[in-house]
Amino acid sequence: AAVVQAVGAWLRGLTEEDSVLLEAMVPTARLPVPPPRSPAPRLPVALRICTLVCRSWGDRPQLCQVACAVGRAESPVRHGAALPQGLDSSLQQWGVVAPSQRQALATRLREATEAAMAALLAAEAELSPQQRGGTRARTDILGVDFLLACVDDALELVALATNSQRCLETCVLAEAMGRAVGEPPGDLPRLLAEAMLHRAQCHLVEGKDILLIGAGGVSKSFVWEAARDYGLRVRRIWG
């Protein structure tokens, strides 16, 4: 009722071209945490989960890295405002003690991140090269931010936004911090290198002429689809 009253008051004073934008309020999760070591009051905090997913071979989304940041609950937790830390340790500090519950959240996070990337790839596939911004324009690396929220006494992952540069910087920083303290290297450098090398190989063959002799029947139709995606000019000679 208070929101409706406030919006109505604003609308009466707006001009014809102005409007009021309403956004959903997503409450952050409040879990029981260990008592603080200091007697000072503990302010409510929020957990922002930053994920990085890349286009793998066969246009399959693959989660590369996860980094978490903790900030004040009453204000957005922005990139670069806090040092990143791992998902499992963040959930333990948050009060998620059971390993099975932490593993279940990690699995749901992977599924949600890769589903977001898959939806974006499907939308791009329906666009023409001009609508995408050019023949080479496509999304290979995507960042998806989540908020750990509590809905009906259950922990939920709420997607906040997608980006590229911010999540990449955060996840690379988390990878570097882990290696600095002796943690084994993760898969982030390898996955990013694979994505970039795949694009580089496509660029090398783009616009080239390829002569195929006896290219096969219907079962080899995927060859023509791949050639089209790579920008090849194919000439066929049937034997």
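In this predicted model, R48 and D145 form a salt bridge, with their closest N and O atoms 3.0 Å apart. R48 belongs to strand β1 (residues 45-56) and D145 to strand β3 (residues 141-151), so the pair ties together parts that are 97 residues apart in sequence. Buried means under 20% relative accessible area. R48 has a relative accessible area of 16%, so R48 is buried. D145 is at 0% relative accessibility and therefore also counts as buried.

Strand β1 holds another such residue, R55. R55 forms a salt bridge with D140, and the closest N and O atoms are 3.0 Å apart. D140 lies in the loop between α4 (129-132) and β3, so this pair ties together parts that are 85 residues apart in sequence. Both R55 and D140 are buried, D140 having a relative accessibility of 12%.

D140 also forms a salt bridge with R138, where the closest N and O atoms are 2.9 Å apart. R138 is partly exposed, with a relative accessible area of 29%. A network of salt bridges links R55, D59, E124, R138 and D140. The count for the model comes to eight salt bridges.

Helix α5 (residues 165-180) packs with helix α6 (residues 188-205) at an angle of about 140°, their axes being 11 Å apart. That angle makes α5 oblique to α6. On α5 the contact is made by L168, C171, V172 and E175, and on α6 by L188, P189 and L192. Of the residues in this contact, six are nonpolar, none is polar and one is charged.

Methods
Residues numbered from 1 in each chain as written. Predicted model: local features only at pLDDT ≥ 70, side-chain atom pairs only at ≥ 80, totals over all residues. Heavy atoms only, no water. Axes fitted to C-alpha atoms, helices over the stretch in contact; angles between N-to-C directions. Helix = DSSP H or I, 4+ residues; strand = E, 2+ residues; numbered from the N terminus. Parallel < 35°, antiparallel > 145°, perpendicular 65-115°, else oblique. Contact = heavy atoms within 4.5 Å. Nonpolar A, V, L, I, M, F, W, Y, C, P; charged D, E, K, R; others polar. Salt bridge = Lys/Arg side-chain N within 4 Å of Asp/Glu carboxyl O. Buried < 20%, exposed > 50% of the residue type's maximum accessible area, 1.4 Å probe, protein only.
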